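Subject: Handover of a predicted structure, with notes

Dear colleague,

I am handing over the structure below, and I would be grateful if you could read it alongside the notes that follow.

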Amino acid sequence: KSPFLYSFGLKYVAHANYNWKINVSKNYRIPTFNDLFWTGSGNLNLKPETSKQIELGQELDIKNVLISATTYYYKTENLIQWTPINNIWLPKNVGNVTNYGFEIFTKIKTHYKKNKLELNTSFAFTKTNDDDSNLQLIYVPKQKLTSEILYSYKNFMLNYQYLYTGSVFTSPDNLNVLKNYQLTNMGLNYNLKNKNNYNFGFQILNLWNKNYQTVEARPMPRRHFNLTLNFKF
């Protein structure tokens, strides 16, 4: 059965450089085929999840500076979550979950002739609690920070990215913790503007060769490289 759903949004422009907005909605998600039928892990007894959410945001845009802030509150029933049980990941319903937090994003840019410089930074705080146990859900970091500097000259663009991900719990009882980690990436792109608009890219990922894990007992790659070629026609 498909329930009655709604979505409502309002944006108010208080000034040419300042506005605020509000969004309210009710959402519904049925289990996917993987949730139900994945060999050895699927759960045919899963219930669909429903959620209600409210978001409040504001944005300030003055010349070369953009600042936006958003706060949110979600209430979810029968959240579908994959959880490791004896080293096997299985989907289950988490009765009632409360999710709240905020996000802040800033963009600062400047240019001189053909030189352009841009700094983007975003920070997110997330609290996701199982209402029955009052414990944080697994693999949901409370803090996440991303910052990126981009410098471009003519058809060249150089970027340097820093990422911080806070520690996460790896067990529902919140006794096991996976420590936080920091990563840096660097890339260089070149746009060849002609009839086909080619783009060449080269990236160094995990620049400082950090040892880290996003999932317990599954080490992520150390320093590695990525070469790309994109073209539009």
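In what follows, Ala, Val, Leu, Ile, Met, Phe, Trp, Tyr, Cys and Pro count as nonpolar, Asp, Glu, Lys and Arg count as charged, and the others, Gly among them, count as polar. The model is a predicted one, in which local features need pLDDT of at least 70 and side-chain atom pairs count only at pLDDT 80 or more, while totals for chains, interfaces and linings use all residues. Residues are numbered from 1 along each chain as its sequence is written, and side-chain values use heavy atoms, with hydrogens and water left out.

**The largest pocket**

With those classes in hand, the lining of the largest pocket comprises 4 nonpolar, 8 polar and 7 charged residues. The volume of this pocket is about 380 Å³, and among its 19 lining residues the closest to the centre are K116, L117, E118, S152 and M157. As to method, the search runs on a 1 Å grid over the protein atoms alone, and a pocket is an open set of points with protein on both sides within 12 Å along at least five of seven lines, whereas a cavity is a set where a 1.4 Å probe fits but cannot get out; lining residues have an atom within 4 Å of a point. Grid points are joined across faces, edges and corners, and the volume is the space filled by probe spheres set on the points. At least two lining residues come from each of β5, β6, β8 (143-153), β9 (156-165) and β12 (181-192).

**The chain as a whole**

The chain has 1 helix and 16 strands, where helices (H or I, at least four residues) and strands (E, at least two) are DSSP runs numbered from the N terminus. Taken along the principal axes, the C-alpha atoms fill a box of roughly 60 × 50 × 40 Å. Of the 233 residues, 27% count as buried, which is to say under 20% relative accessible area, with exposed meaning over 50% and partly exposed the range in between (1.4 Å probe, protein chains only). Among contacts (heavy atoms within 4.5 Å) with a separation of 6 or more, 49% are between residues 24 or more positions apart.

Two strands are taken to pair if DSSP finds at least two bridges between them. Strand β1 (residues 7-15) and strand β2 (residues 18-29) run antiparallel and are joined by 8 bridges, with Y12 standing opposite W20 in β2 and a hairpin of 2 residues connecting the two strands. β2 in turn pairs with β3 in the antiparallel sense over 12 bridges, and K26 has K52 in β3 as its bridge partner.

Strand β3 (residues 49-62) pairs antiparallel with strand β4 (residues 65-85) over 13 bridges, and L56 has T71 in β4 as its partner. The hairpin formed by β3 and β4 has 2 residues between the strands, and K63 in its turn has a positive phi of about 50 degrees.

**Individual residues**

Which residues does K21 touch, not counting those up to four places away in sequence? They are L10, K11, E55, L56 and G57. K21 lies in strand β2 and is partly exposed, at 39% relative accessible area; its C-alpha atom is separated by 8.1 Å from that of E55, 34 residues apart along the chain.

N120, in strand β6 (residues 115-130), is buried, with a relative accessible area of 14%. The side chain of N120 makes a polar contact with the side chain of E118 at 2.9 Å, a polar contact being a pair of N or O atoms within 3.5 Å, of which, within protein, one must be able to donate a hydrogen and the other to accept it, and residues adjacent in sequence count only if both atoms are side-chain atoms. Leaving aside neighbours within four places in sequence, N120 is in contact with F105, T106, K107, T146, S147, E148 and L150.

Finally, K154 lies in the loop between β8 and β9, has a positive phi near 55 degrees although it is a residue other than glycine, and counts as exposed at 53% relative accessibility.

With best wishes
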